[in-house]
Amino acid sequence: QEAFFWEDQGDLFVPYYLTMAPKAALLLIPLVPGCVAFNPVPIKARSSVHSATVAPEAPSTAARRRDGWAPGSWRNFRCEQLPEYPDPQAVEDSEAALRKCAPLVFAGEMRALQQKLAQAQQGNGFLLMGGDCAESFSEFSTDHVRDTMRVILQMALVISYGAGKPVIKIGRMAGQFAKPRSSPMETKVVDGKEVSYPSYKGDNVNSQDFTLEARTPDPWLTVKAYHQCAQTLNILRAFTKGGYADLERLNAWNLEFVARSPASSKYRHLSSKVEESLRFMRSIGVDTSSDAFTKTEFYVAHECLLLGYEEALTRKDSVTNQYYDCSAHMVWVGERTRQLDCGHLEFVRGIQNPIGVKISDKCAPDELITLLDAVNPDNTPGRVTLVIRMGAGKVREHLPPLVEAVEKAGRHVLWISDPVHGNTITSESGYKTRPLPDIMNEIDGFFEVHRKLGTHAGGVHLEMTGESVTECTGGTIDEITDARLSERYDTHCDPRLNAEQALEVAFNIAERFRLDAGLPKLCENGDEECTTW
């Protein structure tokens, strides 16, 4: 008999593996963030140890279901965007190592997320997804994870208060390394000659340095990425369950821009209103020290791109006997890999995680319905999130036919906007960037379509960071001009919104909800507490 447990040790949540040792002795083995267990200790009563539901054994690709699906059945399909590894034995060995690793997340958490997404589909929630374009080994730190999570919490507070709806928080973290590329090769002029090497596809595939050695895909980088994912999840669990998300500490969350920026003054104004609400609740006997006020659920997601990694971390749930991809709570399939005959769609159709699918203006209504039938044949609520990425100039024209087709077919989906990928341009200075006004415009168009059709604008998906980078132009807090892009253009891939710009997006979304509901703005002109903006 075996199972997994989590123990609350104050600042950290420590995973334990429970197994039947020789002579029938039960052992709790602490698991470090990695693949190896150390220092077996006898089991004892622990009130803070929580049972998980995923059995640790790796799945067998031979164990096929009646519909022909198995964790490895994707290998029989055409696959786009997968790295071309030069050493097949190294691929097998690295995937074998991952199969021995502990799951990063658990089936019970995924089922809880799916229930919340199902409620959001009915208009009773909003999904906020945010994080780096691509995680990296060099930028990883506790502060980096904390700061991005903090901005997401701040955004969630603004949207929840403004919209009057619960916000589901998902970070593009603990797995968002790999990125699809438009070309498998990159060519540069080196010493007067054109040289071509494999394109950089993310730190879990190869390295950014433009050399043959650095650009050659290395499967063992996925194992290195797994270790970083384990640490990231440990940090997130510690902060979200250890008091950092306490609503009483709103002012402690404020970043440095709060004292000097107009939108931050809005946030201060909102914080004071929430604090007034908390004081009122305490005055009538509501316990604001309870978990509902001091802790929050924070989930993680990434693009399902490296299928060998995803398969190796897929486990069979010991409760439901179903397969879950334990690399993340949610995984999504990108615009380049969502084709019906592609191995990526084959993989996600069989796992029980909530899944996302990126949809652009190139998708026809009948194609979308066929896709939904493939990945959600039982039309299970909360199962599918459609991430719309069209561009500010196209969303008002191309989204309505898709929404109407899905509504007519009676399919359960959550519609969310990805307003960044369709608004990427090259600036006059040569930097790839995303103008904030275009991002706001696409969000507005997304809301307008759903208001007109009577459907729910259910979320937003952003590439953003908690750091003060200068990668996207625009903003009223600290405007980033084309001339300023070079100041802190730190991204490993695509441009990200900085903390100030992300908070502006949150206020825009909150105001859209209040506008649609006929409510007054969060902060009217003439309000003494908002005179700075």
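This is a predicted model: local features need pLDDT of at least 70, side-chain atom pairs count only at pLDDT 80 or more; totals for chains, interfaces and linings use all residues.
Side chains of opposite charge can pair when their charged atoms come close. In this model the count comes to 35 salt bridges, where a side-chain nitrogen of Lys or Arg must lie within 4 Å of a carboxyl oxygen of Asp or Glu.

The side chains of R349 and E346 meet at 2.7 Å, N to O. Both residues sit in helix α10 (residues 343-350), and because they are three residues apart there, about one helical turn separates them. Their surroundings can be described by relative accessibility. R349 counts as partly exposed, because its value of 22% falls between the limits of 20% and 50%. E346 has a relative accessible area of 6% and is therefore buried.

A further pair consists of R484 and E487, which form a salt bridge with the closest N and O atoms 3.1 Å apart. E487, at 49% relative accessibility, counts as partly exposed. Salt bridges can also share partners: in this way R172, K179, K432, R434, E463 and D494 are joined into one network.

From charged side chains, the description now turns to nonpolar ones. On the surface, F280, I284 and V286 form a nonpolar patch, and together they have about 290 Å² of accessible area. One of these residues, I284, is located in the loop between α7 (262-283) and α8 (291-294). I284 counts as exposed because its relative accessibility is 54%, and exposed means over 50%.

Helix α11 (residues 365-375) packs with helix α12 (residues 395-409) at an angle of about 45°, and their axes are 9 Å apart. The two helices are therefore oblique to each other, since an angle under 35 degrees would count as roughly parallel and one from 65 to 115 as roughly perpendicular. Where α11 passes α12, the crossing is right-handed.

Technical notes. Residues are numbered from 1 along each chain as its sequence is written. Side-chain values use heavy atoms; hydrogens and water are left out. Helices (H or I, at least four residues) and strands (E, at least two) are DSSP runs, numbered from the N terminus. Buried means under 20% relative accessible area, exposed over 50%, partly exposed in between (1.4 Å probe, protein chains only). Patches are made of residues with over 30% relative accessible area and no salt bridge: like charges are joined within 9 Å, nonpolar side chains (Val, Leu, Ile, Met, Phe, Trp, Tyr) within 5 Å. Accessible areas come from the Shrake-Rupley method with a 1.4 Å probe; for residues, only the protein chains shown count as cover. Axes are lines fitted to C-alpha atoms, for helices over the stretch in contact, and angles run from 0 to 180 degrees between N-to-C directions. Angles under 35 degrees count as roughly parallel, over 145 as roughly antiparallel, 65 to 115 as roughly perpendicular and the rest as oblique. A crossing is left-handed if the near helix is turned anticlockwise from the far one by less than a right angle, and right-handed if clockwise.
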